[in-house]
Amino acid sequence: MTNAFILRGGRVVDPASNEDLIRDVAVANGVFVPPASVPDAPVLNAAGLVVAPGFLDVHVHLRDPGQTAKEDVVSGTRAAAAGGFATVVAMPNTLPPLDTPARVAAFVADCHARAVVRVLPSATLTLGREGREPTDAIALKAAGAVALTDDGACVQDAAVMRRCLLAARAAGLLVTDHCEDFALAQGGAIRAGPVADALGVRGIPAQAEEVIAARNLLLARETGQPVHLQHISTAGTVDILRRARALGVPLTAEITPHHLALTVEACRTLGSQAKMNPPLGTEADRQALLAALAEGLVTVIATDHAPHTAEEKARGLAAAPFGIIGLESAVPVCLELLVHGGVLSLRQLVAAFTTGPATLFGLPYGTLAMGAPADLTLFDPDAEVEIRPETFASKARNCPFAGWRCRGRVMATLVAGRWAFGQLKEWRK
Ligand SMILES: [Zn+2]
Ligand SMILES: [Zn+2]
């Protein structure tokens, strides 16, 4: 066996097998193998660490091609590795957008050559992300796309959206949707309400998200095509999701760490560093999102890692672009807020980064099963870290968690048997 090694002494937390115990994990030729099959392999010391299946982040903007001053395939995937993510799903709102099989294939080839972690592309729902003509879902899937989304924009015309869902159904591709009614959101910078009024910017009402989420429920019910709601942010959307669950409609959702950790109040002190789309909500919204995760209504945490340059973010609250980075803060923030905060068990949190997204996207990752790709996320759940964006591998620094102290440090990330970040010392008795 080549490239074989054994991790010893770690606490193995694997939601796929409901396992939480200290045992050896062995890797050979990029996949998991029984430790007894590699008796002579070097043994590495994982004592004190949680050994989890490699984490997935299904919502990442790598900004490549076209906006590489913000981020690129190398810097974005280094950030993913440093943050504990073995697999990311890249958003297609690049320049040009990934709306043709040729563009998806070129992106796949570029990632194959340069990416530090596994990158799975999504492609656009409509040509040019213009919301008018569905893309060729079958050809996009053949080129490697794992989902369709116009993220950053949203198909406004329900009849066009219905045609997109039927095309996706024929291809067997998941649709993930950034829910935003443009007329309701028009010109807004942060959530409508007293904070927007006090800061003198236009507000975005919660209904801008909820109107589209409700439309998607109705269209998913009628077409039978699964629709995944990206970065949900309001209590009303949680209600819509609960209604979908009761009706048996294939509507799912993801929640970001920032919508779980922050409210619109953060805009008062952080300004544009707390400006993202959908905007931060109220404390009631935040509590509804925490409850949705805790009860298993939502099974996916995704970062919506959205890098921008410092110059762009310095334009003031009204004019700065939407979005914050998340890859290198997500795991510590979620461990502190959700696990140490008593919202989720450690196993539930690991599931939200592994089996939750892997099941939704139908991916063979996020598991320690023998023969599966050897992806691992190793972290110390109790080690305190200070979040310092100036140390990030990402090119961007637009992080609202700067200065936060969290218990939870990512120590190493393994992707298909290779260390993408960190490494362990040899085991000595
Ligand atoms: Zn979005
Ligand atoms: Zn996004």
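1. Donors here are N, O and S atoms within 2.8 Å of the metal (3.2 Å for Na, K and Ca), and water is not among the atoms, so sites may look incomplete.

2. A word on what we have. This is a predicted model, where local features need pLDDT of at least 70 and side-chain atom pairs count only at pLDDT 80 or more, while totals for chains, interfaces and linings use all residues. Residues are numbered from 1 along each chain as its sequence is written, chains are lettered from A and ligands numbered from 1 in the order in which they are written, and side-chain values use heavy atoms, with hydrogens and water left out.

3. On to the zinc ion (ligand 2). Its protein donors are His59 (NE2), His61 (NE2), Asp151 (OD) and Asp304 (OD), lying 2.1 to 2.3 Å from the metal. The angles among the four donor atoms run from 83 to 166°, which makes the site irregular. Along the chain the donors of this zinc ion (ligand 2) are spaced H-x1-H-x89-D-x152-D. His59 belongs to strand E8 and Asp151 to the loop between E11 and H4, so this pair ties together parts that are 92 residues apart in sequence. Helices (H or I, at least four residues) and strands (E, at least two) are DSSP runs, numbered from the N terminus.

4. Now the zinc ion (ligand 1). Asp151 (OD), His178 (ND1) and His231 (NE2) coordinate this ion at 2.0 to 2.1 Å, with the spacing D-x26-H-x52-H along the chain. Asp151 sits in the loop between strand E11 (147–148) and helix H4 (158–171), and His231 in the loop between strand E15 (227–229) and helix H8 (235–247), so the two tie together parts that are 80 residues apart in sequence.

5. What bridges the two metals? Asp151 does, with the zinc ion (ligand 1) and the zinc ion (ligand 2) lying 3.4 Å apart. Asp151 is buried, and so is His231; His59 is buried too. Buried means under 20% relative accessible area, exposed over 50%, and partly exposed in between (1.4 Å probe, protein chains only).

6. Aromatics next: the structure holds six aromatic pairs. Rings of Phe, Tyr and Trp (its six-membered ring) pair if their centres lie within 6.5 Å, and planes under 30 degrees apart count as stacked, over 60 as edge-to-face and the rest as tilted. Phe55 and Phe85 make a tilted pair, 6.3 Å centre to centre with 55° between the planes. Phe55 lies in strand E8 (residues 55–60) and Phe85 in strand E9 (residues 85–90), so this contact ties together parts that are 30 residues apart in sequence. Both Phe55 and Phe85 are buried.

7. Phe85 also pairs with Phe353, this time edge-to-face, at 5.6 Å centre to centre and 70° between the planes. That pair links distant parts of the chain, with Phe85 in strand E9 and Phe353 in helix H14 (residues 346–353), 268 residues apart. Phe353 is buried, as is Phe85. Ring pairs link Phe55, Phe85, Phe353 and Phe379 into a cluster.

8. Two charge-over-ring contacts are worth a look. The rule is NZ of Lys or CZ of Arg within 6 Å of the ring centre and within 35 degrees of the ring normal. The charged end of Arg118 sits over the ring of Tyr365, 3.8 Å from its centre, and that of Lys275 sits over the ring of Phe322, 4.6 Å from its centre.

9. How many disulfides are there? With a disulfide taken as a pair of cysteine sulfur atoms within 2.5 Å, the count comes to zero. For Cys179, the nearest cysteine sulfur is that of Cys154, 6.0 Å away, and Cys179 counts as buried at 6% relative accessibility. For Cys334, the nearest is that of Cys406, 9.3 Å away; Cys334 is buried, with a relative accessible area of 0%.

10. Last, a hairpin. Strands E19 (residues 405–415) and E20 (residues 418–421) run antiparallel and are joined by three bridges; two strands pair if DSSP finds at least two bridges between them. Trp419 in E20 is the bridge partner of Leu414. The hairpin has two residues between the strands, and Ala416 takes a positive phi near 50° there.

How values were computed. Tetrahedral: all angles 85-135°; square planar, octahedral: opposite > 155°, others 65-115°.
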